Amino acid sequence: MRLLITGGCGFIGTNFLYLMRQRHPDWFIVNMDKLTYAGNLGNLRSLEAEAGGSYTFVHGDIGDRELVTGLIARHAFDAIVNFAAESHVDRSIDDPAPFVVTNVLGAQNILDCARRAGIKRVVHVSTDEVYGTLGPEGQFHETTPLAPNSPYSASKAGADMLARAYHETYGQDIVITRCSNNYGPYQFPEKLIPLMFTKATRGEPLPVYGDGMNVRDWIYVDDHCLGVELALLKGRAGAVYNFGGAAEMPNIEVVRTILRLTGRDDSLIRYVTDRPGHDRRYAMNFELAAKELGFAPSVTFAQGMERTIGWYKANAAWLAEVQSGAYLAFMDTWYKERA
Ligand code: NAD
Ligand code: TYD
C-alpha cells in the first residue's frame with residue numbers, strides 16, 4: 001500500500017502512523033503536515049529513524065493544490081487518509097476563519113486532487129460533532145441529519161457534505177468516518193484530558209465548563225485508528241461509518257478520574273462560565289461499522305486512562321515542548337474570560 005496521510009504530526013495522526021508501522025511495515029507512507037501549533041514533528045522522530053525509506057515527511061498545507069498534485073504524481077498513492085484539521089472547538093469560537101480554510105477548503109482540495117489523479121480511495125476523517133447535540137436519550141446514527149453547533153463542527157460538516165457530493169457526482173471512492181472523543185498519548189494539552197492532567201499535576205484549578213454534566217463518549221485513540229484502518233481496507237465506497245468507545249461519561253467524572261490518578265482531590269475543581277453553544281451529550285451507534293467492518297472498541301475507559309495518564313507522567317518533556325508561546329497566549333485569554 002502506498003499511502004498519503006495528512007495531519008500525521010497531530011494527536012491521532014501520530015498514533016495512526018505508529019500503529020500502521022507496527023501492523024504494516026511494508027506500507028510506504030508520506031505524511032504531509034502544515035505543522036500548526038498542534039503539529040509536532042518531534043512526535044515521529046523514532047518512527048522516522050526506524051522506518052528508513054518507507055516513511056517520508058513533507059511540510060505542507062492540504063490547501064496547496066500544486067504541492068498535493070506534485071506529491072501524488074511523484075508517489076502514485078493507492079489512497080489518501082485526511083486527518084489534517086483545525087480541531088479545537090474553543091479556538092473555533094475565538095476565530096472561525098482558519099477552520100473554514102483548512103477543514104472545508106483544504107479538504108475539498110484533497111478530494112479534488114485525488115479525483116483528478118484517479119486515486120483509488122480517500123478516507124475522510126470526521127467527527128460525531130457534525131450531528132449536533134442529543135438530549136438525555138438516544139444515539140447518533142449515520143442517517144442522523146447533520147446539525148453542527150460550533151464553527152469547528154460546521155466546518156467538518158461542510159467537508160463531509162463535499163465528500164458525499166464528490167462521491168455522488170464523480171463516482172469517486174470516498175469513505176467518511178465519524179468518531180467520538182479520542183484520548184491517549186500525544187493529545188495536545190488544550191483538550192479536556194491532557195489539559196486537566198497538566199493543571200492537576202501543577203496543583204492549579206481545573207476549569208470545568210457549566211455544570212460539568214455534558215456527556216462525551218470516550219474512545220482510546222488506538223481503537224479509532226484501527227477503525228480508520230478498517231475503513232481504508234474494507235470500507236464501502238460512499239459509506240459513512242460511526243465509531244465510538246461505548247464509554248459515555250459526564251465531564252465531571254472524567255475530571256475526578258484524572259484527580260484520582262494524579263493523587264489530587266476535588267478541591268481543585270472550579271466550575272467556570274460555560275462554552276457558548278456547548279453540546280450537551282454525544283452518543284454513538286456504531287452497529288454499521290461493527291457489521292460491515294468488524295469494528296469494536298477493545299480498550300475500556302479504565303484501561304485507557306491508566307495508559308494515558310501513565311504516558312503523560314512519563315513524558316513531561318513532551319508536554320513542556322508543545323506548550324509554545326502561541327498556545328499559551330490563547331489559553332491565557334480564553335480562561336481569563338471564563339473565570
Ligand atoms: P490535532 O489538532 O491534534 O492535529 C491536527 C494536525 O493537522 C496537526 O498536526 C496540524 O499541524 C495539521 N494541520 C492543520 N492544518 C493543516 C493544513 N492546512 N494542512 C496540513 N496539515 C494541517 O487533531 P487530532 O485530534 O489529531 O484530529 C485529527 C482528525 O480527527 C481531525 O480531522 C479531527 O477533526 C478528527 N477527529 C478528532 C477527534 C478527537 O477527539 N481528537 C474525534 C473525532 C474526529
Ligand atoms: P474537548 O476536549 O474540547 O472536546 P470536544 O469539545 O470536542 O468534545 O472538551 C471535552 C468536554 O470537556 C466538552 O464538553 C467541553 C469540556 N471542557 C471543560 O469542561 N473544560 C475545559 O477546559 C475544556 C477544554 C473542555
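Analyst: Let's start with a definition: helices (DSSP runs of H or I, at least four residues) and strands (runs of E, at least two) are numbered from the N terminus. The model is predicted, so local features need pLDDT of at least 70 and side-chain atom pairs count only at pLDDT 80 or more, while totals for chains, interfaces and linings use all residues. Residues are numbered from 1 along each chain as its sequence is written, chains are lettered from A and ligands numbered from 1 in written order, and side-chain values use heavy atoms, leaving out hydrogens and water.

Now to ligand 2. A residue counts as near a molecule if one of its heavy atoms lies within 4 Å of it. By this rule, 19 residues surround ligand 2, and Glu129, Arg216, Arg275, His278 and Tyr335 are the closest. Helices α4 (89-94) and α7 (192-202) and strand β8 (206-209) each give at least two residues to this shell. The shell around ligand 2 then has 8 nonpolar, 5 polar and 6 charged residues.

Next come polar contacts, which are pairs of N or O atoms within 3.5 Å. In the side chain of Glu129, an N or O atom is 2.4 Å from an oxygen atom of ligand 2. A polar backbone atom of Pro207 is 2.8 Å from a nitrogen atom of ligand 2. Arg275 has a polar side-chain atom 2.5 Å from an oxygen atom of ligand 2. On its own, ligand 2 has 510 Å² of accessible area (found by the Shrake-Rupley method with a 1.4 Å probe), and the protein covers 97% of this.

Ligand 1 has its own shell. Of its 28 residues, Ile12, Asp33, Ser87, Tyr152 and Lys156 come nearest. By class, they divide into 12 nonpolar, 12 polar and 4 charged. Asp33 brings a polar side-chain atom to 2.5 Å from an oxygen atom of ligand 1. For Leu35, it is a polar backbone atom that is 3.4 Å from an oxygen atom of ligand 1. Asn182 likewise places a backbone N or O atom 2.9 Å from an oxygen atom of ligand 1. The protein covers 97% of the 840 Å² of accessible area that ligand 1 has on its own. Elements giving two or more residues to this shell are α1 (11-23), β5 (121-127), α6 (151-170) and β7. The largest share, 3 residues, comes from β5.

Strands of a sheet pair through backbone hydrogen bonds, either parallel or antiparallel. Two strands count as paired if DSSP finds at least two bridges between them. In the order β7-β9-β11, 3 strands form an open sheet with mixed pairing. Because β7 (181-183) and β11 (248-250) stand at the edges with a single partner strand each, one side of each has no neighbour in the sheet. β7 pairs with β9 (residues 215-220) in the parallel sense over 3 bridges, and Tyr183 has Tyr220 in β9 as its bridge partner. Tyr186 has a positive phi of about 70° although it is not a glycine.

Key: A polar contact is a pair of N or O atoms within 3.5 Å; within protein, one must be able to donate a hydrogen and the other to accept it, and residues adjacent in sequence count only if both atoms are side-chain atoms. Ala, Val, Leu, Ile, Met, Phe, Trp, Tyr, Cys and Pro count as nonpolar, Asp, Glu, Lys and Arg as charged, and the others, Gly among them, as polar.
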